[in-house]
Amino acid sequence: MTVHESVLDAIGETPLFRLTQLGRGIVTPLYAKAEFLNIGGSVKDRAALSMVLQAERDGLLRPGGTIVEATSGNTGIGLAIIGRQRGYRVIVGVSDRSAREKVDILRAYGAEVVLAPTRFAKQHPDHLFNVVRRLVDEIPGAWLANQYDNPANPAAHLRTTGPEIWRQTGGRVTHFVAGVGTGGTISGTGEFLRGASGGTVTVVGADPETSVYSGGDGSAYYVESIGHFLHPDTAEDVWPQSYHRDVVDRFERIPDRESLLTARRLASEEGLLAGPSSGAAAAAALRVARTLGPDDLVVVLLPDSGRSYLSTVFSDDWLRRWGFLEDPDGAEPTVRQLLDRSPGWADRLVTVSSRASAGAAVDGLPGSVVAVAVVLARAERRHGLSATEILGWIEPAALGAAIAAGRIRPDSPVSDHLVDPLPAVGGGQPVSAARAALGPRHAAAVVLRDGRAISLVTREELDAAIR
Ligand SMILES: Cc1ncc(COP(=O)(O)O)c(C=O)c1O
């Protein structure tokens, strides 16, 4: 039995589990490295420990000091545990889109949490990174961990994750699959395995389909913590220095739906309750393993636990509302089936850039347009409009009338005139569920498929379908 003198000793040395169910019919052995079994519940404990110890050695972190970081959660959890154990104050800046459970966990471990909105581009003073940098300047003895550019992040995996996988597989591993967030995991682990195998191990990145790492358009996606999102207002797209591009041989590009549903299969079929980035990695590993033979061996890294996503990925209701799950065989038609009865439904969704003026936004619109989505940028995204990139809505009829009456200046920014956000319904939801989501006030709802806005459905249409 293992006895630890400190929780810090329970970081690393995680087990591999063979994926027997997901890998059914595949001749290549497929093993998952269960990083959610680290003391803080994720792979990021390794990077956090490595960064703190290195900062102490470098004299950047001294007794009484403060650890500051901007993170979607897991690195913050690792830093909170390690930082508090070593006597530091810990402040974590988190985007307001992060799972609520992650924020609660940070506070439970004794971190102070600062929430910052996601709608700003990197150069904006209220972007999360700039908020956090200001804190470091203001607090004496503060040290910014900066996992994105800190060499101690990939070094953690070069020193621990890679050697563990090599030992655990007896040197038989031929393919390593992982998601890329900061890039620390894939760069350090991949570099070690490549070196240990004499260059024969293939390193495969699992990337959300729209992430720019693998050539996507950079629009928002629903798998937290991996990939690279590009805010449309970004002046210069900088990639993390923790990501060493030359280590990744190729990418598998995984649509959100495949990632989310694979995470659910890991839990229900393999007994491994892991998060959506694990779903993306496992989906990529399955694709890789299907092309290989019995002498190959695939290891996929599962970064964190599914417990942080019970109200999202593991909630049927959430998946339905965002259009990731369908009920096509119910007694009632679905919203999508209802739309299919109206030719031209795909043209109902009209968008305007948040940078447009009120006058330009309503100019020349047909009277049939009940609501217009105000979006981050005018540029069309190749993968459609992610619902998270809709800043708000305007009602062109009311706005046009207000301009005509002189109550609103036509050159005022359109984003000053947003109305109550339209409710969102999944295309696969039955019409009565969509009608309930509409409530008493709204005339229409935005229809989502795979988290992307595809059309609008009106109250009249829904009422007529239910009657
Ligand atoms: C859940 C989860 N998955 C994947 C990653 C990506 O790992 P890395 O930053 O090492 O690329 C992270 C990093 O924060 C994470 O928290």
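Tutor: Two residues are in contact if their C-beta atoms, placed from the backbone, lie within 7 Å. By that rule, and leaving aside residues up to four places away in sequence, Asp304 touches Glu35, Phe36, Gly41, Ser42, Val43, Asn74, Ala274, Gly275 and Ser278. Keep in mind that this is a predicted model, in which local features need pLDDT of at least 70 and side-chain atom pairs count only at pLDDT 80 or more, while totals for chains, interfaces and linings use all residues. Residues are numbered from 1 along each chain as its sequence is written.

Student: Why is Asp304 counted as buried?

Tutor: The count of other C-beta atoms within 10 Å decides (20 or more means buried, 12 or fewer exposed, in between partly exposed, with C-beta atoms placed from the backbone). Asp304 has 26 such atoms around it, and therefore it is buried.

Student: Which class does Ala196 fall into, and where does Ala196 lie?

Tutor: Ala196 counts as partly exposed because it has 17 C-beta neighbours inside 10 Å. Its place is in helix H6, which covers residues 184–196. The C-alpha atom of Ala196 is separated by 61 Å from that of Leu462, a residue 266 positions away along the chain.

Student: What should I note about the phi angle of Asn146?

Tutor: Asn146 has phi near 50°, which is a positive value in a residue other than glycine. This residue sits in the loop between strand S6 (142–144) and helix H5 (152–168), and with 21 other C-beta atoms within 10 Å Asn146 is buried. Ser225 also has a positive phi, of about 80°, although Ser225 is not a glycine. Ser225 is found in the loop between strand S8 (202–208) and strand S9 (250–254), and it is buried, with 25 other C-beta atoms within 10 Å.

Student: How is the chain divided into domains?

Tutor: Domain bounds come from an automatic or database domain assignment. Here that assignment gives domain 1, made of 7–41 together with 151–316, then domain 2 at 44–144 and domain 3 at 323–466.

Student: How many residues of domain 1 and domain 3 are in contact?

Tutor: 15 residues of domain 1 are in contact with 13 residues of domain 3. On the side of domain 1 that touches domain 3, the largest share, three residues, comes from helix H7, residues 256–270. Taken over C-alpha atoms, the centres of domain 1 and domain 3 are 36 Å apart. Helix H7 also meets another helix, H8, through Glu258, Ser259, Leu260, Thr262, Ala263 and Leu266, whose partners in H8 are Pro276, Ser278, Gly279, Ala280, Ala282 and Ala283.

Definitions and conventions. Helix = DSSP H or I, 4+ residues; strand = E, 2+ residues; numbered from the N terminus.
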